Amino acid sequence: MTEHPLNDCREGQHPGEFHFRRLLEKLPAGAYTCDSEGFITYFNPAAERLWGRAPELNDPVDRFCGSFKLFAADGTPITHDQCWMALALRAQEGYNGCEIVIERPDGTCVTALAHANPIRDESGHLLGAVNVLVDISDRKRAEDALKQADRAKNEFLATLAHELRNPLAPIRNAVHILHLLGSSAPELQSALGILERQTKQMARLIDDLLDIARITGGRLELRRERIELGNVVRSAIETGRPLIESCGHELTVSVPGEPIPLTGDLTRLAQVISNLLHNAAKYTDRGGRIWLIAERQGSDAVVTVRDTGIGIPSEMIPRIFEMFTQVDRADQRSRGGLGVGLALVRQLVEMHGGSVSVRSDGPGHGSEFAIRLPVLLEQLAPERSTSESAFAIPAMSLRILVVDDNWDTAATLAVLLRSAGHNIRTAHDGLEAVSAAQEFQPEVILLDIGLPKLNGYDAARQIRALPGGSRMVLMAMTGWGNQSDRIQSKEAGFDHHLVKPVDPMALLQLLALVAQPAAM
Ligand code: ADP
């Protein structure tokens, strides 16, 4: 260990100074002083340990406080000239808690919080600075491990949701088939009702999980267009009404007569409002009241969902929009949920440049959630036509190739499509898909993307190159529905991109559209 200048306590030294020096020697934080030019005049053993060497106080280069290998928190090197101390002294100010990384001569690194305080004489003239370096390497390592764990958790959630979605598709198809087969037996009707409600609920939870994983991974993209608030509200009510009615609640809706234009993603904003309606229904005891009020307040569109439900304790209000937050109540578990719905609401609203708020007078006094979105002031392109969804065209028989490596999905889809009068062939991997396409010459191919042997994209490319392949209507069926996924499927030659679990009714309608001679 180097001889420390203040360490040699000489005869005749003031006892206070002796104790002060001893204190500095024992201090676990690095401490050093430098003069008004940034040259080190004293350092303690902890500073030497942090630096990994003792600066040579007789060497004018080595004793400059910028002679160490330093980096800012983001990894950019701090040059000699920019040395934090020099900067601080030049500015003649101190600083507190500046995070730096010191690379020692042996190549190891420490992360430290640097603090500096100027020392001035009585007339305010700068004499130098006293500096403290606190080693925070352990804390940084723990933070990094936490971030890594958080990333792993998000990836796991995304994979889990994605995997849970796959078995849901054949279950929904099977329910639909059972419906089509029909039966007057009340037991079967009631069992079907249960299956339908529960799979819908499961799809909702899985979709919320997937969305949260997408948002935290920065992969959720909005399809922005000019929309009208009334349409958003109507779409949300369509989704929310069955639950509200099944809970015996009374819903009162107020929407202004004149249109309120917005720029945004209609599906996502409807999802936000239907999440709020869903919660209002879920957290209100049977026979309650729910109000949905949409109005314009200056340049904002405000949607309020109020209920006469169980209310929210005041201490939970600040945290209610955080992910996985649930109010700790005796009956919380029986109401179900993952605690992600409101986090999703906030994230989606903020992605639209809006904000969310909540009010409750406490347990038993109901809750009020409000979302505020900027109104579109300038005149943009006309609103999207709704005629797309308004078709009711009789289906003609089509030759359809269904490709899915999940045999249940393929089989149930085949039954469903046959029952609608189509001629079906199934395949279960990419290579089989290409040869079946060549042989069967289908008009439509429903092609899964994650296929063994040859993935859906490559299979689509090979099918397009087959004789007659360019005329086939290719529909991708995949669990991934981002803009980038859609672009990728378009590039591979797909005409449509369907996100699993594919809604059987929507699929039949799309096929009906394809079956129109004009659409072919
Ligand atoms: P969850 O899936 O648990 O419903 P949310 O994120 O949608 O997750 O809501 C978080 C928590 O906020 C809920 O668990 C519930 O305790 C509380 N909460 C949400 N909406 C209401 C409401 N309208 N009334 C009372 N409590 C609510």
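The crossing of α5 and α9 is left-handed, a term used where the near helix is turned anticlockwise from the far one by less than a right angle, with right-handed used for clockwise. On the α5 side, the contact (heavy atoms within 4.5 Å) is made by Asp-208, Asp-211, Ile-212 and Ile-215. Gly-341, Ala-343, Leu-344, Gln-347, Leu-348 and Met-351 take part from α9. The contact of α5 with α9 comprises six nonpolar, two polar and two charged residues, where Ala, Val, Leu, Ile, Met, Phe, Trp, Tyr, Cys and Pro count as nonpolar, Asp, Glu, Lys and Arg as charged, and the others, Gly among them, as polar.

The model is predicted; local features need pLDDT of at least 70 and side-chain atom pairs count only at pLDDT 80 or more, whereas totals for chains, interfaces and linings use all residues. Residues are numbered from 1 along each chain as its sequence is written, and side-chain values use heavy atoms, with hydrogens and water left out.

The chain has 14 helices and 19 strands, these being DSSP runs numbered from the N terminus (H or I, at least four residues, for helices; E, at least two, for strands). Of its 520 residues, 45% are buried, that is, under 20% relative accessible area, with exposed meaning over 50% and partly exposed in between (1.4 Å probe, protein chains only). Among contacts with a separation of 6 or more, 62% are between residues 24 or more positions apart.

Helix α9 also packs against α7, at an angle of about 150° and with the axes 9 Å apart. This crossing of α7 and α9 is left-handed. Residues of α7 in the contact are Arg-268, Gln-271, Val-272, Asn-275, Leu-276 and Asn-279, and those of α9 include Gly-341, Leu-344 and Leu-348. By class, seven are nonpolar, four polar and one charged.

Beyond its neighbours within four places in sequence, Leu-292 is in contact with residues including Val-233, Ile-237, Ile-273, Leu-277 and Val-303.

Helices α11 (residues 430–440) and α12 (residues 456–465) pack at about 20°, with axes 9 Å apart, and are therefore roughly parallel to each other. The crossing of α11 and α12 is right-handed. Gly-430, Ala-433, Val-434 and Ala-437 of α11 meet Ala-459, Gln-462 and Ile-463 of α12. This contact has five nonpolar, two polar and no charged residues.

Lys-453, in the loop between β17 (444–448) and α12, has a positive phi near 70° and is exposed, with a relative accessible area of 66%. Phe-324, in the loop between β12 and α8, has a positive phi of about 65° although it is not a glycine; Phe-324 is partly exposed, at 40% relative accessible area.

Conventions:
Axes are lines fitted to C-alpha atoms, for helices over the stretch in contact, and angles run from 0 to 180 degrees between N-to-C directions. Angles under 35 degrees count as roughly parallel, over 145 as roughly antiparallel, 65 to 115 as roughly perpendicular and the rest as oblique.
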